[in-house]
Amino acid sequence: MFSVLPIQLIDNQLFPHYNGKLAVLRMDKIHTIVSGNKWFKLKYYLQEARSGNFKTIATFGGAYSNHIVATAYAAKLAGIKSIGVIRGEKPDTLSHTLQNALDYGMHLEFVNREAYSNKSALKQNLDPNQDNYWINEGGYGDLGATGIQDLFKSAPLWQYTHLVTAVGTGTTMAGLIRGALPYQQVIGVNVLKNQPDIKNEVKALLSPEQQTKNYLFLAGYEFGGYAKKTPVLIDFMNHVNSIVNLPLDFVYTAKTLYALGEYLKTAELPADSQFLFMHTGGLQGNLSLPPGTLRY
Ligand SMILES: *Cc1c(COP(=O)(O)O)cnc(C)c1O
């Protein structure tokens, strides 16, 4: 689809207290609907499904899930059918996300929240003969991290000392840690509250040696929790876009860049630090905001 991902340099005006380099890897530019990191995460799952001759890919997600719509699109391109198991009863009007997934040919299966919480029972019920290739919710897993590692081939990540990403399932962070060079630190910003296992979930995707690499988590920037928002966050998004021309999504990238700005106020950094912020996409999720919330 592309050979090299665009990198945008961010003017120091955005975070005046930091005078080092800050750039953004614009994975959101891959596609307007299909989220940047999801595209990379799905690559090897798709490959495995094809080489195993699976006719259908199935996965899980909520009504606004970037992963659902990305899977629908990727499966369509690969010529494989897809099923999205959606959390909650079918609404009268579908979200933009689900409508797009449907338009890409995904079959949607709505299940109530209680049933949704038991994934193995769901798989058993929906696919008793195990005919489908199942991808974890959010694309969590080893092959997902392997796909993210390919980012090091798609952009000059080696030029940076710090790589910053949002953490949902932690797969993206794990892929970055895997590929990180000895002088690089990976910083993950939690966007879910009450996710006590997240560090172990990231570790589970790393070899013992990779677990000793340089990475850290920033917590406390959830703005109320997953997919929640506050006026401060919305103002920040409008501000960022107006001064450096960078549209963010409110679920992941806005919280992550906000956290980075705060971190840069107090962090003790080597003089020649160069930060690369991963724009992991997700802009389609902003369509769920009331019109006029964002000035972009
Ligand atoms: C899913 C998603 C993330 C989180 O990625 P994980 O690999 O699950 O941690 C970050 N940003 C966006 C825009 C996403 O859609």
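Predicted model: local features only at pLDDT ≥ 70, side-chain atom pairs only at ≥ 80, totals over all residues.
Trainee: In what order do the six strands of the open sheet lie?

Mentor: Strands (E, at least two residues) and helices (H or I, at least four) are DSSP runs numbered from the N terminus, and two strands pair if DSSP finds at least two bridges between them. Here the order is β1-β2-β10-β7-β8-β9, with mixed pairing. Because β1 (7-9) and β9 (215-218) each have a single partner strand, one side of each is left without a neighbour in the sheet. β1 runs antiparallel to β2 (residues 21-26), joined by three bridges, and Gln8 has Val24 in β2 as its bridge partner.

Trainee: Which helix packs on this sheet, and which strands are touched?

Mentor: Contact means heavy atoms within 4.5 Å, and angles, from 0 to 180 degrees, are taken between N-to-C directions of axes, which are lines fitted to C-alpha atoms, for helices over the stretch in contact. The helix is α11, which touches β2, β7, β8 (185-190), β9 and β10 (274-279), and its direction makes about 165° with that of β10.

Trainee: How do α10 and α11 cross?

Mentor: Two packed helices are described by the angle between their axes and the distance between the axes. The axes of α10 (residues 231-244) and α11 (residues 253-266) come within 10 Å and cross at roughly 85°, which makes α10 roughly perpendicular to α11 (a term for angles of 65 to 115 degrees). On the α10 side, Val232, Leu233, Phe236, Met237 and Val240 make the contact, and on the α11 side Ala254, Lys255, Leu257 and Tyr258.

Trainee: How is the sheet of four strands arranged?

Mentor: This open sheet has the order β5-β4-β3-β6 with parallel pairing, and its edge strands, β5 (106-111) and β6 (133-134), pair on one side only. β3 and β6 are linked by two bridges, and Ile57 has Tyr133 in β6 as its bridge partner.

Trainee: Which residues are closest to the centre of the largest pocket?

Mentor: A pocket is an open set of points on a 1 Å grid over the protein atoms alone, where a 1.4 Å probe fits, with protein on both sides within 12 Å along at least five of seven lines, and lining residues have an atom within 4 Å of a point. Of the 48 lining residues, Gly62, Ser65, Arg87, Tyr226 and Tyr252 are the closest to its centre.

Terms used: Residues numbered from 1 in each chain as written. Heavy atoms only, no water. Parallel < 35°, antiparallel > 145°, perpendicular 65-115°, else oblique.
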